[in-house]
Amino acid sequence: MSVDDTGYDAVVVGAGFAGLYMLYRLRQAGFRTRVFEAGSGVGGTWYWNRYPGARCDVESMEYSYSFCDELQQEWEWTERYAGQPEILRYVNHVADRFDLRRDITFDTRVVRATFDEDASRWQVETDTGLVVDAAFVIMATGCLSSANLPEFDGRDDFQGETYHTGRWPHEGVDFAGKRVGIIGTGSSAIQAIPIIAAEAGHLTVFQRTPNYSIPARNAPIDPDYVREIKAEYSAFRARNYRMQAGFGSKIPHNDAPASSDDPASRESNYAVRWERGGFGYLSAYNDLLRDRDANETAAEFVRQRIRGIVDDPDIAERLCPDNVIGCKRPCLDTGYFETYNRANVELVDARDAPIERITPNGVVAGGREYVLDCIVFATGFDAMTGAVLGVDFRGRDGMTLADKWHAGPRTYLGLGTVGFPNLFLITGPGSPSVLTNMIVSIEQHAEWISDCLEYLRAEGLDSIEATPEAEDAWVEHVNLVAGLTLYPTCNSWYLGKNIPGKPQVFMPLVGFPPYAEKCATAAANGYEGFDLA
């Protein structure tokens, strides 16, 4: 074990969008900072998720940094929704443009962090044996970065190749002529399935829960649209900042309830939005995520579209979800449902034919063995808490964060948690995070944290910790807001329901603008809700 005894003002964990901007802000403020990144390069989720068809579901002109106008003006996106290779090129451009790599240690995972109460500093240990000392630790590990690989019986016995969409080989995978099985029909699967199906000899899709998906209508980006946005980028960003999800100010939003239209008018409204593609579909009426009857009108429209696309009526019904639309993050696709009309694609409905085990030759489901050459696990992530709890945090009196969060994550503002001074979470549980354009939430958090550290330095303070009263009130507030919506009605990863044994707690907060205002108010009031020392 080697010890870096020079010490840092801050250690940042992760070099994706959050870690890079946090490093930029802290460096600008004069804080000595070191970033540790488990991967060999920058990019976070866009470094690891290289599966076929990986693409952002927020439009390119919005899924980008806003902190530097020169950066906004110089970068040229090529598609309405940028794909993984283009986003990764963008992130690398940012790292190079601002000379960020010199403060990043790659191929290094933080495994433990212990708070020294006497010194009011953290001892941070890595898997390479390096130990560093830092006043503050900032988790920039992302909400969807801890890959979930279910413990299927016999999983390790399979003799073919296995892949997880969240840990895709950088050299790519050749599926030509092969018998491929994909387990899962969430966002990554919906993007990957059409591409894998076009290449594979045969594709078997194992579906546990059918998902709603809206056409992305992706296309080369309109140069006139780009010029329009770049001519007023700051105003465009400001309008997005006032949107509930931090993006979409160009999307027509209807402030009326679904009941305000007759069935024919509703049908026409949904049809227009379906043809436009993207998340604007759920902006058709203002009560789609608050009223079940209203939601059902939007859900049934999508089911009818699925029935109209898929030739086999039985397969179409198996692809039709029966839950609320939008209580899981909606998927955007390119030709997903059409893929089931291919002769080389087979759907296995795990509700009727559950996966029993994996054998050396394939997957047994419903008593039948499906012989496969490759298995793709599109089984998602241990969302929002997995990567944070992947570090063995020891706070006051040796308390572990895993013990603190044993019944579910508890934070104040999604930024800090009682018992762990000087630990900050970027887009942590209890913040809007995954219900927003992530980069908007990332920038808001990184700016709040860097401003806070500057305030502490100016006031001669070296410790900040959420108060128990503020944390209790915030957890209650997050649950109250969620309870006013239909979000908690699904078995979604928002509640951790995809991870066996994980506490069932709705983790994100609904509504970005009031949240950002609350954060600003707390800061303006001397970091109200935190103990400073």
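**View A. The bridge between I358 and V363.** In this predicted model, I358 has V363 of β14 as its bridge partner. Strands β13 and β14 (residues 362-365) run antiparallel and are joined by 3 bridges. Strands here are DSSP E runs of at least two residues, and helices are H or I runs of at least four, numbered from the N terminus. Two strands pair if DSSP finds at least two bridges between them.

**View B. The open sheet β13-β14-β15.** This sheet has 3 strands, with antiparallel pairing. β13 (355-358) and β15 (368-371) are the edge strands, and each pairs on one side only. On average, neighbouring strands are turned by 25° against each other, direction ignored. Axes are lines fitted to C-alpha atoms.

**View C. W448 and the largest nonpolar core.** The core is a set of buried (under 20% relative accessible area, 1.4 Å probe, protein chains only) Ala, Val, Leu, Ile, Met, Phe, Trp, Tyr and Cys residues joined through side-chain atoms within 4.5 Å. It has 138 residues; F17, F175, Y340 and W448 touch the most other members. Helix α13 (residues 438-459) gives the largest share, 9 residues. Not counting residues up to four places away in sequence, W448 touches L415, F424, C519, A523, Y527 and F530. Another core, of 21 residues, lies apart and includes V11 and W122.

**View D. The loop around T141.** T141 sits in the loop between β6 (130-139) and β7 (161-164). Leaving aside neighbours within four places in sequence, T141 is in contact with V13, A387 and V388. Contact means heavy atoms within 4.5 Å.

**Notes.** Residues are numbered from 1 along each chain as its sequence is written, and side-chain values use heavy atoms, without hydrogens and water. Local features need pLDDT of at least 70 and side-chain atom pairs count only at pLDDT 80 or more, while totals for chains, interfaces and linings use all residues.

Terms used
Buried means under 20% relative accessible area, exposed over 50%, partly exposed in between (1.4 Å probe, protein chains only). Axes are lines fitted to C-alpha atoms, for helices over the stretch in contact, and angles run from 0 to 180 degrees between N-to-C directions.
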